Amino acid sequence: MKQTLHRLLIVALGLLGTAAMEVTTQTPVVQVVECVRDNAPPHLTIGDLRIQARGEQVTTPQLSARFYSHRDRDGLRAMLHITAPSDLAGMRYLLVEQSGDDALHLYLPALGKVRRVNSAGPDGRIAGTTLDVSDLRLISQLLGASSISRDRATRWHDRAAQVLRFSPTVADSPYRRVLATVDEQTCVVVRAEFQDAQDTVKTYQVEPASLRQAGRYWYASRGRMHDHRLGSHIDLSLGAVRVDRKPPPRSFDPAHFHKVD
């Protein structure tokens, strides 16, 4: 769960914050990136996150959760709290971005303890689905990319959009490059292709009708992630989105995040 805990949503999330980055001198690139950055709130609460999964390797077809994030100069802090089904309720993931080494912590109620896990392994998948934490940090990866370029201008459902190309900055990312389509009107990432050295591994996309506002920020309230190799798909639905209240600091403390209501 280490890498997209925004664009959950954040991809999917489309609401993740910003990080230092280097861009080319192409004016269109700078304009689009600044647009996305300006649409990223410093803190975020998703009170009703629904995840529906379909595919042969899926063991938990439906999940409900709450999601909290905060970004400052030290980086991103994000926490996912599973609320349903009942056998997984109380399970929590905490991502703490650190210079050179992000930390992912997992709390399992049945064991009653917190452990640090490897996001590149099985623990990087969210509770019985095929959704990886890396899939939930699209916006964060986009804004933190070490280099980024404009691939082309395009149309998205008859709306003007720009396609950006970048390489993920996280060392254990399974992707070599990402093509992110940004809607010019709302600055939301509305489509993304996650590629390795051979081809496109996963595709994320949203429909225009799913675009919503929380305060002055735009986000996608629904999105779908296709895993082309596993033949699975994940539907994400975001409700009760708030950007006007900072989550309690304990929500992002490895020693206390599992105790916050």
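**Salt bridges and burial in the predicted chain**

Arg 155 has a relative accessible area of 54% and counts as exposed (over 50% relative accessible area; buried means under 20% and partly exposed in between, with a 1.4 Å probe and protein chains only). The structure is a predicted model, in which local features need pLDDT of at least 70, side-chain atom pairs count only at pLDDT 80 or more, and totals for chains, interfaces and linings use all residues. Residues are numbered from 1 along each chain as its sequence is written, and side-chain values use heavy atoms, with hydrogens and water left out.

The chain has 261 residues, of which 54% are buried. Its secondary structure consists of 2 helices and 15 strands, taken as DSSP runs numbered from the N terminus (helices: H or I, at least four residues; strands: E, at least two). The accessible surface is about 11200 Å², with 45% belonging to carbon and sulfur atoms; the areas come from the Shrake-Rupley method with a 1.4 Å probe, and for residues only the protein chains shown count as cover.

Salt bridges number 13, each defined as a side-chain nitrogen of Lys or Arg within 4 Å of a carboxyl oxygen of Asp or Glu. One of them joins Arg 155 to Asp 158 at 3.6 Å, N to O; Asp 158 is exposed as well, at 66%. Another pairs Asp 227 with Lys 202, whose closest N and O atoms are 3.8 Å apart. This pair links distant parts of the chain, from strand E14 (residues 222-227) for Asp 227 to strand E11 (residues 200-205) for Lys 202, 25 residues apart. Both Asp 227 and Lys 202 are buried.
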